[in-house]
Amino acid sequence: MSDAGVPLLRHGPPETVLPPEPDEVRAALAGAAASDDPVAAIGAVCERRPVSLEAWASLGETLESAGAPPALAYAAFRTGYHRGLDRLRASGWRGSGYVRWKYPSNRGFLRALSGLQRVAGRIGETDEAERCALFLVQLDPDWPHPDSSGPRG
């Protein structure tokens, strides 16, 4: 047996960074947010690009800001969350590790998860709201970020 020991390297949990949204999606969302009917315009972006996490998060936030029934925002956020899990897995995430806010391409997913937490709490889904809150901190120990809370429109 050797006395050399085993070097222990601490790299921490793996980090996953999602690919950025295409420029045309970002442009379409900017135009939609400024339109006369942003809910319909952002919804149209979701229809054209259903894998867009930014689109689903934006739709949920816009529905919240517009005072729509919470169930509608919940549905948009939940869709963004589940689409996000699919995108994370496709990007190498294996169910654990960091997905940090500091990477702009991760923000659509984190906004959807944060929105799901907020709206789940509003509709009485306390267990889900608590799971989402815990998941956010597991994904990014620095959560919450000052520019990530509350609805945006």
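**Stop 1: α5 and α6**

Select F109, L110, L113, S114, L116, Q117, A120 and G121 in α5; they meet T126, E128, A129, C132, A133, F135, L136 and L139 in α6. Contact means heavy atoms within 4.5 Å. Helices here are DSSP runs of H or I with at least four residues, strands are runs of E with at least two, and both are numbered from the N terminus. By class, this contact has 11 nonpolar, 4 polar and 1 charged residues. Ala, Val, Leu, Ile, Met, Phe, Trp, Tyr, Cys and Pro count as nonpolar, Asp, Glu, Lys and Arg as charged, and the others, Gly among them, as polar.

A word on the model before going on. It is a predicted one: local features need pLDDT of at least 70, side-chain atom pairs count only at pLDDT 80 or more, and totals for chains, interfaces and linings use all residues. Residues are numbered from 1 along each chain as its sequence is written, and side-chain values use heavy atoms, with hydrogens and water left out.

Now show α5 and α6 as cartoons. Helix α6 covers residues 126-139, and its axis lies 7 Å from that of α5, at an angle of about 150°. Axes are lines fitted to C-alpha atoms, for helices over the stretch in contact, and angles run from 0 to 180 degrees between N-to-C directions. The two helices are therefore roughly antiparallel. That label is for angles over 145 degrees; under 35 is roughly parallel, 65 to 115 roughly perpendicular, and the rest oblique. The crossing of α5 and α6 is left-handed. Left-handed means that the near helix is turned anticlockwise from the far one by less than a right angle; right-handed means clockwise.

Stay in α6 and pick A129. Which residues does A129 touch, not counting those up to four places away in sequence? They are Q117, A120 and G121. A129 is buried, with a relative accessible area of 12%. Buried means under 20% relative accessible area, exposed over 50%, and partly exposed in between (1.4 Å probe, protein chains only).

**Stop 2: after α6**

Move to P144, in the segment after α6. The peptide bond between W143 and P144 is cis, with omega about 0°. Most peptide bonds are trans.

**Stop 3**

Go back to α5, which spans residues 107-122, and select R111. Is R111 buried or exposed? R111 counts as buried, at 10% relative accessibility. Its side chain makes a polar contact of 2.5 Å with the side chain of E54. A polar contact is a pair of N or O atoms within 3.5 Å; within protein, one must be able to donate a hydrogen and the other to accept it, and residues adjacent in sequence count only if both atoms are side-chain atoms.

Next, select S58 in helix α3, residues 53-65. The backbone oxygen of E54 is 2.8 Å from a polar atom of the S58 side chain. S58 is in contact with L29, I42 and R111, leaving aside neighbours within four places in sequence. At 14% relative accessibility, S58 also counts as buried.

**Stop 4: α2 and α3**

Show α2 with α3. Their axes come within 9 Å and cross at roughly 160°. That makes α2 roughly antiparallel to α3. The crossing is left-handed. Select P38, V39, I42, G43, V45 and C46 in α2, then A55, W56, S58, L59, T62 and L63 in α3, to see where the two meet. This contact has 9 nonpolar, 3 polar and no charged residues.

**Stop 5: α1 and α2**

V25, A28, L29, A32 and A33 of α1 make the contact with P38, A41, I42, V45 and R48 of α2. The count is 9 nonpolar, no polar and 1 charged.

**Last view: the whole chain**

Zoom out. The protein has 6 helices and 0 strands. Buried residues make up 41% of its 153 residues. Of the contacts with a separation of 6 or more, 68% are between residues 24 or more positions apart.
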